[in-house]
Amino acid sequence: MNKEKVVLIGNGMAGIRTLEEIIKREPNRFQFTVFGAEPHPNYNRILLSSVLQGDSSVSDIVLNDYDWYERNQIELFTGDAVVRVDCRKKEVWSASGIKRTYDRLIFATGSDPFMLPLPGAEKEGVIAFRNIADCESMINAAKSYQKAVVIGGGLLGLEAARGLLNLKMDVDVIHIADHLMDRQLDSDAGKMLKAELEQQGMQFHLNKKTVKINGHKRVKGISFSDQTSIKADLVVMAVGIRPNVQLAKQSGLKVNQAIVVNDYMETSEEDVYAVGECAEHRGIVYGLVAPLYEQGKVLAEHICTNTSNEVSGYKGSIVSTKLKVSGINVFSAGAFRDQDETKSIRIHDEFAGVYKKLVVKNNQVVGAVLFGDTNDANRILSLIRSGEDISAISKAALFPSETNDSSPSVVATMADEETICGCNGVSKGEIVCAIKEQGLSTVAEIRQCTNASRSCGGCKPEVAELLALTTGTDIMAKPEPLCGCTELTHEAVVASIREMGLSYVREVMSVLGWKSEEGCSKCRPALNYYLGLISPLDYTDDAHSRFVNERVHANIQKDGTFSVVPRMYGGVTNPEQLRKIADVAEKYNVPLLKVTGGQRIDLLGVEKEKLPNVWRDLGMRSGYAYGKTLRTVKTCVGEDFCRFGTQDSVSLGIEIEKKYEGLNTPHKVKMAVSACPRNCAESGIKDVGIVGVEGAWEIYVGGNGGVDLRSAELLCKVATNEEVMETISAFLQYYREQATYLERTSHWIERVGLESIKKVIFDDSIERAALIERMEMALSRHKDPWTEIVESEEKQQQLFEKKKIAVKQGGGM
Amino acid sequence: MAFVEAGRKVFVANRNELAVGLGKKVEIEGRELALFMQEDGSVRILDNKCPHKGGPLSEGIVSGNYVYCPLHDWKICMKTGSAQGGDQGNVACFTVEVEGDDIYVFI
């Protein structure tokens, strides 16, 4: 039987959400074709600002990757816009000439940024902020230019401006009104926002009308109506969006500001629908994500049930906004402006920078603005939605966060259909269901199962509260448990292991009442680490609880092959080692030889069964480039060769690397030794970084060059190599004992504070000596894993053997 | 469920080649299978390919009836082959027969 054909024009959030909703209801009934003008799979446009601000990468904001389209057998054309629709013949054509017929056609063409028609707007360096390409061009411009101007002080303009600041540009924001975000905020909140953003480094020009963009080929500046002008190397226009309706108009659909739809998202043409920013419902065009998702749901229901009267239809949405600029909490909802027939309730604390306003009409809340503290946002949104008479409600109940009373919970009073996560359109009912049916116990699990709080994360408190309400535990008051298998925290588990003298992974699970008998990939490696930490001399490492890298002592790559990194202490090598590495690479056809960031040589693409032979032939020790342990000690060339070097950084680096090699730590540990403050070994972004100065070594800790880039902090300054070693021992052992498994030193230090660490390792001489002693004990157990494996046939057979079976023709054996 | 219909019966391994808690990779006519022995002695055989990005499941951490893919930590049920939690997808499971210490797969 032929499946019904659904063609979707537009690969954005609204359209794809509609398909998701349809597939949820009818997984096999339809055959889908999607045309998208952008060359990407469906991504989360509202998080573009976080890509620009450096908090996410493009791949982080992809909502549905290519696999998803494939899994659901959706035919996808990216970078290919639809150019013609024939509603009579039910056909669509794309720019590249592809033709598809449809039974049902969905317009989800979204909107385009509105470009002010200024003289000079076509110049190089004048862009919008709307898609990934815009993001990329801003990032590129920041590499060669300094001065950015954003036209538009609304939500998008301010998010773009924050991103440009993060890219180290000077940022001026031009706004035509007298306060920022005038579509969402009243003037009081707008002024507070301006002050906060000025502190972050933005410069504002309010009440300014841009009249001209100056420059020859590329933009040089802009001029205003008051005859003034400013310089600019990059101009970002963020003055609004305009529904993309050209195709709909050409196709004969009824269009006002946008494509006109009824309560079932039906357009004026039969079997043709529109959702999202290109649709106009009851005279309103929505430009926010939550309403688009609500529309998608209604349309999916309509398409799946086929009859309009079975579904209730779309009644319009109450919109609310949050600004996604770090450190600033802004929320606005509904009709927030004061009018003649409205009264308002305000709290304005200029000391704390908090402003809250509820707009009330006929005893019902119709709008709100919150600045500085947005904890009451959901409570207020639900009041607006329910239209509850508030004359009898106390102020404390209107602003629960203003009091410490345990006022009735907002999520408790919400209806099951109400949305908790606006980004992903997840309702309260769906979350509660998932918690109950799948026995979820952490916010992270809920995120994984339902997508709630997966995008902007703003609803995390509500998700946590819902979890607490549903499971009856107070999870807000309680830190996250070690994993989904237990209610206990890392600290509680470690304390129990110590007190009860537990000695095996399985024993810990059964004594401490694990929910699943066998544990999971989170708790097992953690328990294995804690047991080894507590009894370094007696505990036998549980290889089954180790991630494959640490089990086979090589790094797994995306194609299932492994990489081998031989140890080169301090990054120093010699002709013999290099020759050996070259010979092995040749003998085993290693596809890629690469120098790592930690000054070692990586042999990439080795098949697992060849690993023992590769190691045997190398005859070098393991570089531990795969483990939760000391990785490398990077060094600069130091005093022997460098004209600035004040100390022998190479020798000290080698000494450190030899001493701490193979130490188990909560997470990977990277170190470096630089011989002068020029810091060629990058000591400032290492877990432990040593910097030589005239007559002394400075020790820095807690640096991180990875995702959460962080500068190391100065721990102390010491005179001798012995003191360096002692300090590292005390610091690392304290980190080993106090940090939770998988917590980098940078996160640990931020959690407990450097001062508290200094107090223990410098002020308490007894504890310092004890830490150093326990470190020596842990180090005494180290054996090179490669030597062990090369010598053990049993290990080779169990872990590395590749078994191949030839089947005789004719079947059976 | 994603069980592959039984075809030929093929000997894949002797029980003593397997260790509880460690997957074993076996190649049959170019197809990679992942073998897992449970504590009760039963054996599960799946395609050695995570439904997500094809990660080798035989290298994953095994917890009871589940294996965690070593590439991106997807949790796969060895009984049904289906991905757990919010992840969606299936890996093919094969019918297994154990005779004494000999393990056969229907492929």
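How many bridges join strand E29 (residues 562-564) of chain A to strand E31 (residues 601-606) of chain A? Two bridges join them, and the strands run antiparallel. Welcome to a predicted model, in which local features need pLDDT of at least 70, side-chain atom pairs count only at pLDDT 80 or more, and totals for chains, interfaces and linings use all residues. Residues are numbered from 1 along each chain as its sequence is written, chains are lettered from A in the order in which they are written, and side-chain values use heavy atoms, leaving out hydrogens and water.

**Confidence**
- Chain B has a mean pLDDT of 88, with 93% of its residues at 70 or more; pLDDT is the predictor's confidence in each residue, from 0 to 100.
- The model scores ipTM 0.87 and pTM 0.53.

**A sheet in chain A**
- Four strands form an open sheet in the order E28-E29-E31-E30 (chain A), with antiparallel pairing; strands are DSSP runs of E, at least two residues long, numbered from the N terminus, and two of them pair if DSSP finds at least two bridges between them.
- Strand E28 (555-556) and strand E30 (592-595) of chain A are the edge strands, each pairing on one side only.
- A:Val564 stands opposite A:Leu603 in E31(A).

**Where the chains meet**
- The contact (heavy atoms within 4.5 Å) takes 37 residues from chain B and 38 residues from chain A.
- Together the two chains bury about 3,200 Å², 50% of it on carbon and sulfur atoms; buried area is the accessible area (1.4 Å probe) that two parts lose on being put together, summed over both.
- Strand E37 (residues 803-805) of chain A pairs with E2(B) in the parallel sense over three bridges.
- Within that pairing, B:Ile28 in E2(B) is the bridge partner of A:Ile805.

**Salt bridges**
- Seven salt bridges are counted between chain B and chain A, a salt bridge being a side-chain nitrogen of Lys or Arg within 4 Å of a carboxyl oxygen of Asp or Glu.
- One joins B:Asp73 to A:Lys522, with the closest N and O atoms 3.7 Å apart.
- Over all chains, the structure holds 59 salt bridges.
- Inside chain A, A:Glu487 forms a salt bridge with A:Lys515, the closest N and O atoms being 3.4 Å apart.
- A:Glu487 lies in the loop between helix H14 (460-471) and helix H15 (490-500) of chain A, and A:Lys515 in the loop between helix H16 (505-511) and helix H17 (523-534) of chain A, so this pair ties together parts 28 residues apart in sequence; helices are DSSP runs of H or I with at least four residues.
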